[in-house]
Amino acid sequence: MREALETLVLNPASALTAAVAYGMMLRSGATFGSLLNPWGLSLPLWVAGYLAVRMALLGFVDGFVWALAPRLPALPSRVGPKPVFQHKINATDVAYLVVNSTVEYVFALQISHLLWFAPLVVRAPTSLSLLNGPLAFWMLLVVDDMLYAPLHRAMHLQAVYRWVHKHHHRNTFPARGYIDAANEHPVEQIAALCLHWVAVHVVAHTAGLHVAAVLAHFGVKALGACFNHTGYDVQLRFCGIEYSVRAHETHHRKPNTNFAQYVMFWDKLMGTYKEYESGVKASAAAAATPANLSKPDAARLPAWADPAVEAREGRVTERPQPRAG
Ligand SMILES: [Zn+2]
Ligand SMILES: [Zn+2]
């Protein structure tokens, strides 16, 4: 619990996020209450809403995974003779998941309020068109990832990495779906949802935006994030949208590649795109013995991970950096 509190509170990224949020609230005249509770719900209703959103999201996202998983092939990296290690869930993970579920709920309240009242969103079913429906949905994916991929890349900069994004990379082979997807520092969650908010506004002011496009984008994003943190081989390609679990697994294994999630064009533009490799050597499959089944294959770990610690403790730990000079 100490680790959770320290990384949440004694953290320059948290301080910066709080300062920016406070500054924006002062500028817009919004109160902390209106930020957390835009619908003005009573406390019992707010809590009931939290539980309902949690159940709906878990039911929808995990329900989909459970329903589809038996029909899906496993990623080639997960079927080799060596076991895939999982970082054990600790108190920090649980604390982050609880905070992030609250952040998600507040975001759901804010975006539902926006969709219900904002003049820039088209709501009438008869006003759905090719432009504000399918094209807007496509644009949401493209614009959202255009903003997210550079942010993700910035979170990997050496000076920034350990404060925020390192936590999400504890798992080299994420497998728990929603839990591994949402297991990130809350600053990262808040930043990504702000970019989602910006993308909604960019599309609304350009193509026009029907509420159906926003809901479809939200559903695809929730499912995509969830499947990205499983071992199932899901791929989706249409009109420049390029989603595959392979790409995000590659990112977890080789962290300076594949920063985008739905539109790999942005990585190709930044020169950070990396094709998927299973990491399982053909010779390793043949050489599998009960003794080496308990050791992770160093080739299947990212370069900075220490395979000895991963084998002993079932989690990834950074290899000590050699001292310069
Ligand atoms: Zn991830
Ligand atoms: Zn990353």
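This is a predicted model: local features need pLDDT of at least 70, side-chain atom pairs count only at pLDDT 80 or more; totals for chains, interfaces and linings use all residues.
**Entry 1: α5 and α9**

I looked up how α5 lies against helix α9 (residues 186–206), and I found that their axes come within 9 Å and cross at roughly 20 degrees. Angles under 35 degrees count as roughly parallel, so I can call α5 roughly parallel to α9.

Next I checked the handedness, and α5 passes α9 in a right-handed crossing.

Which residues make the contact of α5 with α9? From α5 I noted Tyr 96, Val 99, Asn 100, Val 103 and Phe 107. From α9 I noted Pro 186, Gln 189, Ile 190 and Leu 193.

I then sorted this contact by class: 7 residues are nonpolar, 2 are polar and none is charged.

**Entry 2: α1 and α5**

Then I turned to the pair formed by helix α1 (residues 2–9) and helix α5 (residues 91–117). Their axes come within 7 Å and cross at roughly 50 degrees.

On the α1 side, the contact is made by Glu 3, Ala 4 and Thr 7. On the α5 side, I wrote down Ala 91, Thr 92 and Ala 95.

How do the residues of the contact of α1 with α5 divide? I get 3 nonpolar, 2 polar and 1 charged.

**Entry 3: a look back**

The contact of α5 with α9 has no charged residues, whereas the contact of α1 with α5 has 1.

How values were computed
Residues are numbered from 1 along each chain as its sequence is written. Chains are lettered from A and ligands numbered from 1 in the order in which they are written. Axes are lines fitted to C-alpha atoms, for helices over the stretch in contact, and angles run from 0 to 180 degrees between N-to-C directions. Helices (H or I, at least four residues) and strands (E, at least two) are DSSP runs, numbered from the N terminus. Two residues are in contact if their C-beta atoms, placed from the backbone, lie within 7 Å. Ala, Val, Leu, Ile, Met, Phe, Trp, Tyr, Cys and Pro count as nonpolar, Asp, Glu, Lys and Arg as charged, and the others, Gly among them, as polar. Angles under 35 degrees count as roughly parallel, over 145 as roughly antiparallel, 65 to 115 as roughly perpendicular and the rest as oblique. A crossing is left-handed if the near helix is turned anticlockwise from the far one by less than a right angle, and right-handed if clockwise.
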